[in-house]
Amino acid sequence: MFNRTWRKAALALVASLALGMASSPALALDDQFYGAPDDYRVDLNLVRIQSLLADKGFYRGPVDGFHREQLGHAIMAFHKAADLDRSPTWMSGDMEVLSAWEPQVPDLPDDPNRIEVDLGRQVLHLVDEGEVVATLPISSGNGARYISSIPGYGWATAFTPRGSFRVQAHIPGWRYAPLGALYRPWYFKGGFAIHGSTSVPAYPASHGCIRVTLDDADWLSERLSIGFRINVRATIPRSDPAPLPITRPFTDPPGMYS
């Protein structure tokens, strides 16, 4: 008698649990993070965005569905490169544009490995074997007048030189110069360098150097070397096969144009 009663109770409990799961299929089957704290709930749509941005060369962070500063920089780079509103926020219609995105840089068979800087769009393309493998947001010279840090030099203009250069020197850490701090700078013309900065706005803001984010400076440090080609262009037309002329080098105190 006792065993029959116990079996009936057990069967009733199992039936009740099964009915509860069936009445809430979304919780039982779809929400794998049900009951977890919000900080641990992965945004699967964000995973898709991160994955596509990484595939297109804009994002170099973890594809994990969590918001982080690197993602905002990647979205900004994408918006700049695609001539969209310069915002770090994902916008309606971005997925369609990004899915079809194909970067274009000049075809230079003699220089298959190089950097292409597009000052108009404020982006930097890293080219490997003729293919764009990464696009980074930058901030370059803002064209303003300022007092030079060189004694007796007087007024100077915050101008980023255009032309074709090669990396001349590199400092693997921070360089503290009169006009600001440069993180892991790669000097390509006297005191002009590509370097990491804590401030990389959507617009030109430097004294002439090409600023990248600190994360991107770390990433570039494993891929650049002395002698690496750097082409700095006013803009990159969607078809531009001609290389830029080599400009004459000159010397300036490192860090003058940060």
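Residues are numbered from 1 along each chain as its sequence is written, and side-chain values use heavy atoms, with hydrogens and water left out. Because the model is predicted, local features need pLDDT of at least 70 and side-chain atom pairs count only at pLDDT 80 or more, while totals for chains, interfaces and linings use all residues.

The protein chain has 6 helices and 12 strands. Here helices (H or I, at least four residues) and strands (E, at least two) are DSSP runs, numbered from the N terminus. Of the 258 residues of the chain, 41% count as buried. Buried means under 20% relative accessible area, exposed means over 50%, and partly exposed lies in between (1.4 Å probe, protein chains only).

Consider helix 3, which covers residues 44-55. At 1.5 Å a residue, its 12 residues should span 16 Å, and its end C-alpha atoms are 17 Å apart, which agrees. The expected span is 1.5 Å times one less than the number of residues. Which residues of helix 3 are buried? They are Leu-46, Ile-49, Gln-50, Leu-52 and Leu-53. These residues cover an arc of only 170° around the axis, which puts them on the same side of helix 3; the arc is that of the directions from the helix axis to the C-beta atoms. An α-helix has 3.6 residues a turn, so residues three or four places apart point the same way. The face turned away from the buried side carries the exposed residues Arg-48 and Asp-55.

The buried residues of helix 3 pack against helix 4 (69-81) and helix 5 (94-99), where contact means heavy atoms within 4.5 Å. At the N-terminal end, Asp-43 caps helix 3, with a side-chain oxygen 3.0 Å from the backbone nitrogen of Asn-45. Just after helix 3, Gly-57 takes a positive phi of about 90°.

Lys-56 lies in the loop between helix 3 and helix 4. Is Lys-56 buried or exposed? Lys-56 counts as buried because its relative accessibility is 16%. Its side chain reaches the backbone oxygen of Trp-101 at 3.0 Å, and a polar atom of that side chain lies 3.3 Å from the backbone oxygen of Ser-99. A polar contact is a pair of N or O atoms within 3.5 Å; within protein, one must be able to donate a hydrogen and the other to accept it, and residues adjacent in sequence count only if both atoms are side-chain atoms.

An open sheet of 5 strands has the order 3-2-1-12-6, with mixed pairing. Strand 3 (131-137) and strand 6 (163-166) stand at the edges, each with a single partner strand, so one side of each is left without a neighbour in the sheet. Two strands pair if DSSP finds at least two bridges between them.

Strand 1 (residues 114-118) and strand 2 pair in the antiparallel sense over 5 bridges, and Arg-114 has Val-127 in strand 2 as its bridge partner. These two strands form a hairpin with 4 residues between them, and Gln-122 in the turn has a positive phi of about 60°. Strand 2 also pairs with strand 3, again in the antiparallel sense, over 6 bridges. Strand 2 is mostly covered, with 5 of its 6 residues buried.
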